[in-house]
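Here is a quick walk through how the pieces of this assembly touch one another. Have the viewer open while you read.

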Amino acid sequence: MLREINGRALADVMAPPDPKNPKEPPKVLVKAGEQLPGFGMLRDDGSTACGNWIYSGVWSQAGNNSARRDTSDPSGLGVYQNWGFAWPANRRILYNRAAATPDGKPWDPKRRQIAWNGTAWAGSDVPDINPALGPDTGAGPFIMTPEGTARLFAVGLMAEGPLPEHYEPFETPVSANLMNTNPKAVSNPAARVYKGDMEQFGTSKEFPYAATTYRLTEHFHYWTKNSKINAVTQPSQFVEIGEELAKEKGLKNGDTVKVKSNRGEIKATVVVTKRIKGLDCNGKKVHTVGIPIHWGFIGVANTGHLSNTLTPFVGDANSQTPEFKAFLVNIEKA
Amino acid sequence: MKTSNELQRYDDNTRMNHWAIALLFFAAGLSGLAFFHPSLFFLSSLFGGGTWSRILHPYLGVLMFLCFLGMYVRLWRENVINQQDKAWMAKAGEMFKGNKAGMPPVGKYNAGQKVVFWLMTGSLLVLLLTGILFWHAWFPDFPIWARRIGVLLHAFSAVVLVLTVIVHVYAAIWVKGTTRAMTRGTVSPGWAKMNHPLWYEEMTRK
Amino acid sequence: MTMQSSLDVIARSATTTPSPSVRQGVEVAKLIDESKCIGCKACQVACSQWNELSDDIGTNVGVYDNPSDLTDKSWTLMRFTEVEDAAKGTMEWLIRKDGCMHCADPGCLKACPSPGAIVQYSNGIVDFKQENCIGCGNCVTGCPFDIPRISKKDNKAYKCTLCSDRVSVGLEPACVKTCPTGAIVFGKKEDMVSYGNKRAGELKERGFQNAGLYNPAGVGGTHVMYVLKHADTPEKYAGLPNDPSISPLVSLWKGTLKPLAVFAMIGAVVGGFFHYMKVGPVEEKEDEKESA
């Protein structure tokens, strides 16, 4: 399988025409049927086949490079170039042009990784830069940024940032963002929220308790509710609340409760625990309702409600990760 | 068949009741004794094995208790202990050695019989109540501390009952003419005069 | 660890005569380090899988313990207890793997009335032989830890076997093999005792001054032991008894009074026989009979 993933030439792979000798017949770089030496040989015209470009080179014509066990380390830097294969291209250290000064000389002559030898970058590792791009071009080692240098934070690729900010979840039990007095910055102003979803947010007046969803050791997501042996160890849907909230609501272990958000309601058994305590948020006592997710309307485990009946439809401004772990609910005996 | 001068001591129903109790005593007793001590476990073969003995024993016991209830209702009034019984008990040792001469006159039941009656009543009651504590087929599990007391009292009462029955059966054999009271229902006037003179007078006065 | 043959049985229920004693066995033990247990229940699953048990799916009664109690088909169970110390401001979630302790002086064996239904091997394992079990439940009454469970389906008693089948061929019990944190270990009892004491010492260094090894002498020591962070108060761990022993009521019930009572009952019959022979029956005198 590794051989296939490496890739091979389906037809002769030709070098591009030599600008100095345009009339000369193009050179054959890789013969048809041969393993490709690296991702540089991959073509978009159907003459090559490859399972994953980053693994191209793992199994060349020489054989299975990932099985190499050469412990030699001529540079003394622990590079071990010929031990196995590092993707991509057997490059052991990324951005290794940074081992040399802007002039192309090693920063530390005693620790020589790659350096400019006058015509190319070379050394104890595969250069992580076009080998011909000399120091005179000013090309920086951080080849994935346009400026060639490292960045402390991403610019131009984020919806908001670059520095981390605290924002309250869209359904927050408190009324203000303690870290930001701007009233527009209670929740993330750069999050994408559809109008209908915005209208479905609840307030702490109707839904005073902070809710969060989580997983249990006995189940894996939604599939182990179909496994009897898992179901025996954790058979029923339950929610967890602290002792103070239980006392307030007249709930005790084993009662059936209704948990409601502005989007829907679920029924579950309640587990009263010392592990959840009311939190003092700037003078306001906020209780948490813990909602494990693993149940659904089918399964060998006792059927239950989908916890996503309650969760809000909003995601992180940058990654769209849904805000399923911070929203508001109310709870009462069923 | 009753001869002209024979006295009726027990009617038909009382006799049937008594023998039902006796048979059930053997059944419940032997099945219970199988669990009493390993040396007696072989008795479980009589009932089809250990598991069958365990299943049947409580039913036999409850049935015996119900039958005894019938007997109790019939006989308890005549078994109330009085002052004369205390005098009889004091002299009982002599009688046992074979000298019946000095015994005070007794009615239908002497003190010994009355003690047997009340010991049976008491031990059967304890057996029933403690047995319920660990009859899994019909009752939920009682707390373990209660079961520990229960099994101990159950075994103890069983021994009391067995010893009482041994005394009861032996007495019937020892005093000739007694068994006929329960097998035929009648006793001879001589037997009555000798062993229960006050009852004899009661019966012949009519 | 040798094959479990009849030569290895050193004690047998309802048996008044000695069991085989010529073979010298090596005692084994399972050590459960409560401080390393994460309550993942892999041991519950491994036990069910190895023994091919499929318990019923119950319901949540409001606790993390599932099933909520040991059953005929769940021979081990994680029991969760939340303990708060208001003075110290601490909250601990104590998790204990419950199951048969395999006592050196087993209460179940003492209480069982059926010969051979419960046996004890020379390696310390106490095993139920269901073919001899009559389903009376005495074992539950006799056990100081409330472990055996009678099946409603077949009326036989069941409990952890310490994987006697695996141990007899030199394998560790299924729960030991599965435990992802290495909280359950298995080996020679003396090794487990010294390892357990060493672990208790390490816990003491980390601030658990009352850490210790739970190997109760009241039942002669057990072949399932715990390393507990709070060995001074084992009852914190879902009621693990502090200094357990076979209840004196059970000892009385099954002690010497029993054979004495048998002797007394037989004695009463024999005594009656000899009384009759000596004293003779009470009968009406010949002349009195005639005149009546």
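Predicted model: local features only at pLDDT ≥ 70, side-chain atom pairs only at ≥ 80, totals over all residues.

Where the two touch, domain 1 of chain C puts in six residues and domain 2 of chain C puts in four.

On the domain 1 side, helix H2 (107–111) and helix H7 (248–253) of chain C each give at least two residues.

## Where chain C meets chain B

Turn to the interface between chains C and B: 36 residues of chain C are in contact with 38 residues of chain B. H7 of chain C shows up again here, supplying at least two residues of the side that touches chain B, as do helix H8 (257–279) and helix H9 (286–291) of chain C.

Which helix of chain C gives the most to that side? It's H8(C), with eleven residues. By class, the side of chain C that touches chain B holds 22 nonpolar, eight polar and six charged residues.

## Where chain A meets chain C

Chain C also touches chain A: 23 residues of chain A are in contact with 20 residues of chain C. On the chain A side, the elements that give two or more residues are helix H3 (228–233) and strand E12 (264–273).

The class make-up of this side of chain A is ten nonpolar, nine polar and four charged residues.

## A helix pair inside chain B

Now look within chain B. Helix H2 (residues 50–75) and helix H4 (residues 111–133) of chain B have axes that come within 10 Å and cross at roughly 145°. The crossing of H2(B) and H4(B) is left-handed.

If you want to pick out the contact in the viewer, select Pro58(B), Gly61(B), Val62(B), Phe65(B), Phe68(B), Tyr72(B) and Leu75(B) on H2(B). Their partners on H4(B) are Phe117(B), Thr121(B), Leu124(B), Leu127(B), Leu128(B) and Gly131(B). Taken together, the residues of this H2(B)–H4(B) contact are ten nonpolar and three polar, with no charged ones.

Methods
Residues numbered from 1 in each chain as written. Chains lettered and ligands numbered in written order. Contact = placed C-beta atoms within 7 Å. Helix = DSSP H or I, 4+ residues; strand = E, 2+ residues; numbered from the N terminus. Nonpolar A, V, L, I, M, F, W, Y, C, P; charged D, E, K, R; others polar. Axes fitted to C-alpha atoms, helices over the stretch in contact; angles between N-to-C directions. Left-handed = near helix turned anticlockwise from the far one by under 90°.
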